[in-house]
Amino acid sequence: MNLGITGNIGTGKSTILTRLEEIGLDVYNLDIIAKSTYKKGLPAYLEIISSFDNILDKKEEIDIKKLSEIVFNNKDKLDILQNIVWPKVREFIIEVKNSNKKNIVFEGALLISANWHKLLDHIWIIDADIEIVKKRLISQRNINEKNYQNILNNQQLADQMISILDKDKIPYSVIVNNTKKNDLNKIIDKKISEII
């Protein structure tokens with residue numbers, strides 16, 4: 001089983017990924033994988049620094065904060081970055097799928113936007129009430145209202161994700177996470193037992 005987990009920021013994807021790792025599945029956070037392609041000396045690094053100005057720190061590594069500020073405020077720049085990084089993440093997913101591991105989980109907010117869902121057997125869309133999400137982000141991640149709105153503007157709504165998965169005939173489940181961690185873990189344990 002190759003499971004994909006997606007949903008907007010603050011819906012609890014990372015908490016779910018941690019729970020699935022605790023119960024013995026091989027898990028991969030695609031945001032971390034994407035950022036690992038930025039490392040100095042890798043092909044994406046050279047493409048990114050030739051496409052964006054003033055994004056290097058004192059050690060000549062890509063400053064992710066500076067890069068994020070550029071792309072979240074400019075759709076054309078975001079497209080440039082995604083065209084560099086997304087093919088490399090796709091290659092990573094295929095490589096892991098071909099590695100003989102039995103139950104693999106890939107988590108990423110952009111899983112469907114990037115068309116990686118077509119590589120997987122089942123998708124979980126994690127959703128939550130918008131006010132609950134906003135409170136989580138402000139209290140846990142110190143994200144202000146403007147940054148929250150910029151991030152949200154660059155992500156798909158659950159209904160849009162469902163529409164794409166229906167069109168592509170990819171099996172999926174919607175998990176609503178308006179609850180506390182212990183209750184969420186119980187939901188996840190039940191859901192995973194249904195598909196593996």
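Lys134 counts as buried because its relative accessible area is 19%, where buried means under 20%, exposed over 50% and partly exposed in between (1.4 Å probe, protein chains only). This is a predicted model, in which local features need pLDDT of at least 70 and side-chain atom pairs count only at pLDDT 80 or more, while totals for chains, interfaces and linings use all residues. Residues are numbered from 1 along each chain as its sequence is written, and side-chain values use heavy atoms, with hydrogens and water left out.

Lys134 belongs to helix H6. Helices (H or I, at least four residues) and strands (E, at least two) are DSSP runs, numbered from the N terminus. Not counting residues up to four places away in sequence, Lys134 touches Glu145 and Tyr148; contact means heavy atoms within 4.5 Å. Helix H7 covers residues 145-153, and its Tyr148, Asn150, Ile151 and Leu152 are buried. These buried residues of H7 pack against helix H6 (130-140).

**Overall fold**

The chain contains 9 helices and 5 strands. Read from the N terminus, the order of elements is β-α-β-α-α-α-α-β-β-α-α-α-β-α. For 196 residues a compact globule would have a radius of gyration near 16 Å, and the value of 17 Å for the chain agrees with this. The radius is taken over C-alpha atoms, and the globule rule is 2.2 Å times the number of residues to the power 0.38. The C-alpha trace spans about 50 × 40 × 35 Å along its principal axes.

Buried residues make up 42% of the 196 in the chain. Of the contacts between residues at least 6 apart in sequence, 71% join residues at least 24 apart. The accessible surface is about 11000 Å², with 49% of it belonging to carbon and sulfur atoms; areas come from the Shrake-Rupley method with a 1.4 Å probe, and for residues only the protein chains shown count as cover.

There are 29 positive and 27 negative side chains, and the centres of the two sets lie 2 Å apart. Lys and Arg count as positive and Asp and Glu as negative, without His and the chain ends. Each charge is placed at NZ of Lys, CZ of Arg, CG of Asp or CD of Glu.

**Aromatic pairs**

A search of the whole structure gives 3 aromatic pairs. Rings of Phe, Tyr and Trp (its six-membered ring) pair if their centres lie within 6.5 Å; planes under 30 degrees apart count as stacked, over 60 as edge-to-face and the rest as tilted. Two of the pairs are tabulated here.

| Pair | Centre distance | Plane angle | Class |
|---|---|---|---|
| Tyr28 and Phe106 | 5.7 Å | 25° | stacked |
| Trp86 and Trp116 | 5.9 Å | 70° | edge-to-face |

Tyr28 lies in strand S2 (residues 26-29) and Phe106 in strand S3 (residues 104-107), so their pair ties together parts 78 residues apart in sequence. Both Tyr28 and Phe106 are buried. Tyr28, Phe92 and Phe106 form one aromatic cluster.

Trp86 is in helix H5 (residues 75-97) and Trp116 in the loop between S3 and strand S4 (122-127), 30 residues apart, and their pair links distant parts of the chain. Trp116 is buried, at 4% relative accessible area.

**Val89**

Helix H5 also holds Val89, which counts as buried at 0% relative accessibility. Leaving aside neighbours within four places in sequence, Val89 is in contact with Leu30, Ala34 and Trp116. The C-alpha atoms of Val89 and Ile123, 34 residues apart along the chain, are separated by 17 Å.
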